[in-house]
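Reader: I am new to reading protein models, and I would like to learn how the words used for them follow from the numbers. Could you take me through some of those words, with the definition set beside each value?

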Amino acid sequence: MKKSSSREKNGAFALRPPLARLVAAKRFLARIVLLSEQLLPLLLPILSLVALYLATSWFGIFRLVPDWIRVTLLILFGVAFLATLYPFRKLHWPASGAADRLLEDRNGLPHQPVTVQEDEPAFDTPFARALWREHQTRMAEKIATLDAGFPQPDIAAHDRWALRAVPALLVVIAFGYSLSTNGGSIADALQSRPEPQAGDPAVRIDAWVTPPPYTGRAPVYLTATGTEQAAIRIPQMSNLTVRVSGGKADEKVIFKKEDGRTLEIAAAEDPKTQPAPTAPQPGAPAPPSASTHLMKLEENGALLVNGRTWTFDVIPDKAPEIAFNGLPKPTVNGALEIGFTIKDDYGVQDAHAEIVPLETDPAATPLYPLPEYRLDVPRRNARDAKGLTSKNLTEHPLAGKRVRITLVAKDAAGQTGRSPPHEMTLPSRPFSEPLAAAVAEERQVFALDTRRMPEAIALNEALTIRPEETIPKLTNYLLLQSALTRMKLARGEEALKDTADYLWDIAVGMEDGDLSQAERTLRNAQQNLADALQRNAPDAEIKKLMDELRKAMQDYMKELAQRLQNAPMQPNQNAQNVLRQQDLERMMDQIENLARSGNRDAAQQMLSELQRMMNNLQAGRPQGQQQGKDNSQMRQQMDKLGQILRDQQKLMEETFKLDQQLKDRMQRGDPNMGMNDPLLDDMPMDDDGMPQDQQQGQQDQQNSPGQSPSDQLTADQLREALKQLRSRQDELGKQLGELQKGLGDMGMKPGPGFGQAQREMDGAGRELGQGRGEPAIQGQGRALEALRQGARDMMSQMMQAQQGQGQGPQGQVGQGNQNGRDPLGRPRRADGPDFGDQVKVPDEIDVQRAREILDAIREKLGNNPPQEMERRYLERLLDVQ
């Protein structure tokens with residue numbers, strides 16, 4: 001045979017392409033193995049050199065040696081790296097023959113099965129070619145399982161002393177050392193040596209940062225490190241503590257600011273940590289020195305001590321934000337109610353309303369300072385919260401004057417935030433007695449400016465010019481005379497304040513009698529309890545203050561009850577509008593239980609609600625004749641509307657009952673019903689023109705001996721009963737028209753709901769006149785909904801009219817303008833009839849009625865109704881899929 005120099009000369013590849021591709025793939029893998037065996041021994045010096053560089057860097061040698069040695073080492077490593085690349089010049093791509101010999105040697109194949117695929121016979125005869133192809137085919141069966149195996153570089157032959165293990169061990173040890181405080185980094189070879197630090201290994205440094213308590217963050221301990229590390233984020237005004245111990249000399253603690261300036265932190269003198277001086281023993285070593293350095297971090301910078309550095313990124317503390325949540329408004333008894341929103345990084349510590357008068361005389365000498373109005377800020381979740389505070393300022397002389405109110409919030413860091421100012425008239429106490437209002441006015445005159453005392457005396461003398469006509473009670477006259485004497489003799493600030501307080505007591509005594517003193521005692525008890533909850537007082541003090549609050553509440557309610565008992569009954573008073581003392585007792589019990597359980601925030605919030613509720617309470621006072629007459633007319637119109645609603649609801653129920661009975665007769669096939677009956681238009685007919693299930697209905701009628709008297713009525717009689725209901729429907733429409741006319745006479749504009757209800761009532765009456773029950777029921781339902789809408793409009797107009805007159809809903813003890821609810825959030829029935837549009841939770845009777853209806857539907861569905869339509873309807877009612 002003879003060898004072939006190229007694939008093109010081998011006819012076997014042209015005849016058998018799959019076999020040629022298989023041989024080429026096996027030969028390529030063999031060449032890769034041969035190339036790897038050449039490359040791996042050449043890479044060994046390079047890998048060893050890299051390991052030595054990493055070990056040198058991680059051991060910190062580049063950082064310790066001078067710069068010229070560092071550069072020399074770097075050059076040596078570079079030259080050595082280039083030297084290790086020189087042997088790569090012998091690297092070459094293996095030949096095909098070498099790959100074939102590798103495959104045959106690794107697989108132990110005789111007769112050279114790979115090489116024979118490219119050989120050709122020496123004699124080119126037909127017999128020789130056929131014999132040679134058969135030989136190639138047999139050898140090809142052995143090629144399919146060839147495996148080149150993994151590279152076998154025989155590194156031991158190139159490194160007989162196993163020096164390759166030394167760099168490997170060094171790099172592992174160096175990596176572990178690099179994790180320590182003195183370890184180096186890979187980049188040290190490219191960096192210049194840092195300035196030498198006066199570091200003493202005998203010195204121990206303990207440093208930590210304590211954030212302010214109001215941030216709620218834990219202290220940060222500064223770990224020892226020899227180089228700069230990532231900046232530590234800490235809140236502003238954090239306390240930095242550095243304790244240096246050991247060594248022979250005092251160690252300087254430097255704080256380098258962001259602008260480059262340096263500040264030396266002096267050692268703090270703490271006598272508690274200084275040992276008592278003792279006489280040194282001869283030959284004894286000197287005790288190690290220890291010092292503590294303190295600093296408050298207010299800006300970014302770095303701490304430098306004994307060659308170690310820590311960088312701080314100070315988080316600035318923003319000033320708090322506060323704003324009005326709605327406009328301030330007065331309550332029923334004249335208290336000022338302010339809603340607010342607060343926002344701060346770590347929570348608002350305190351907030352108050354700054355109240356200053358708009359019109360002031362620079363030369364005026366006011367008797368009292370500006371009013372104090374502290375806002376009830378929740379102690380928890382004070383970072384972004386809302387609040388509502390109600391406080392009575394009617395006793396202050398500025399009550400009734402134009403003032404500017406600005407909300408001020410303060411955080412624990414001492415920063416303040418202010419809201420945009422709001423101008424308003426400070427609420428004053430509403431006096432129904434003219435004499436009491438006059439006494440309060442003369443007190444206000446000299447309380448705002450003591451120089452105007454002669455004017456106040458003149459006002460007092462004017463009140464007593466004709467006492468028999470203007471002062472019906474002798475006691476009030478004597479009080480005014482005594483007050484006049486005090487005003488004339490008052491000298492000094494204390495005497496003037498006593499006189500002003502005496503005049504205020506006279507005014508509120510004329511207005512409320514003993515109730516004013518009970519109200520003041522109650523207000524003081526509430527304020528004392530609020531202060532105790534704010535400062536987290538002990539449980540014993542909370543219990544004592546709760547007992548005082550209960551006693552003050554009982555005295556106030558007792559005086560209020562006596563006053564209401566002696567007062568004349570108002571036309572619109574209702575016992576259901578009376579606030580029961582049991583409700584107040586239950587609320588105070590909840591406040592005490594919350595305070596004892598540790599939930600002081602909830603207790604303080606509930607106490608604020610109690611204060612707001614008491615500020616919105618008003619006692620029934622005698623009304624003027626015209627005002628009482630107007631309220632009486634409003635009450636009559638509301639009662640008429642409620643009666644119309646009830647009558648319409650009852651009429652709709654009767655209509656529905658008669659309509660259901662009439663449909664039942666039609667299904668049973670009433671013989672008295674004519675085939676031209678209009679109700680048959682909506683009934684399904686069979687092939688004979690008769691209502692479906694008529695035969696089944698007649699059988700059911702025969703099998704039902706026990707029927708009620710109403711079930712014995714014929715279809716004509718039921719239709720006639722429906723027609724008779726028209727007169728009642730027309731009468732309700734007439735009553736609604738009279739109601740609208742009465743509202744117009746009172747100056748109120750009837751809402752569009754009443755007009756819609758009038759039209760629906762007329763349409764329902766026409767349907768009833770034709771004996772059509774189902775359309776009439778639909779019209780009656782729409783009329784009820786329109787009546788409720790009109791009732792809501794009517795109530796809104798009444799409330800606006802009452803607010804315009806400066807009054808709330810009148811009652812014995814009630815809460816003014818609370819959306820139709822009493823101070824405890826329950827619906828108030830004294831505000832008018834219940835229109836059914838404010839019900840949120842059904843009572844027990846409604847729940848029982850609903851259960852009975854559902855049980856009746858289930859029972860009827862369980863009897864397997866014959867009508868498919870009826871069965872589907874019942875399933876929809878029960879929501880059965």
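Author: Let us begin with burial: a residue is called buried under 20% relative accessible area, exposed over 50%, and partly exposed in between, using a 1.4 Å probe and protein chains only. By that rule, buried residues make up 39% of the 881 residues in the protein chain. The model is a predicted one, in which local features need pLDDT of at least 70 and side-chain atom pairs count only at pLDDT 80 or more, while totals for chains, interfaces and linings use all residues. Residues are numbered from 1 along each chain as its sequence is written, and side-chain values use heavy atoms, with hydrogens and water left out.

Reader: Why is glutamate 519 called buried?

Author: Glutamate 519 has a relative accessible area of 15%, which is under the limit of 20%, and therefore it counts as buried. Its place is in helix H14, residues 514-534, where a helix is a DSSP run of H or I with at least four residues, a strand is a run of E with at least two, and both are numbered from the N terminus.

Reader: What does glutamate 519 touch?

Author: If contact is taken as heavy atoms within 4.5 Å, and residues up to four places away in sequence are not counted, glutamate 519 touches Asn333, Asn392, Arg429, Asp512 and Tyr556.

Reader: How do you know whether threonine 406 is buried or exposed?

Author: Threonine 406 has 7% relative accessibility, and because this value is under 20%, threonine 406 counts as buried.

Reader: Why is methionine 237 called partly exposed?

Author: The relative accessible area of methionine 237 is 28%, a value between 20% and 50%, and so methionine 237 is partly exposed. Methionine 237 lies in the loop between strand E3 (232-235) and strand E4 (238-245).

Reader: What is the phi of methionine 237?

Author: Methionine 237 has a positive phi of about 70°, although it is not a glycine. Most residues other than glycine have a negative phi.

Reader: What makes H20 and H21 roughly antiparallel?

Author: Helix H20 (residues 715-745) and helix H21 (residues 752-769) pack at an angle of about 165°, with their axes 8 Å apart. Angles under 35 degrees count as roughly parallel, over 145 as roughly antiparallel, 65 to 115 as roughly perpendicular and the rest as oblique, and because the angle here is over 145, H20 is roughly antiparallel to H21. The axes are lines fitted to C-alpha atoms, for helices over the stretch in contact, and the angles run from 0 to 180 degrees between N-to-C directions.

Reader: How do you know how H12 and H13 are oriented to each other?

Author: The axes of helix H12 (residues 474-489) and helix H13 (residues 493-512) come within 10 Å and cross at roughly 165°. This angle is over 145, and therefore H12 and H13 are roughly antiparallel to each other. Their contact is made by residues including Leu479 and Arg486 of H12 and Tyr502 and Ile506 of H13.
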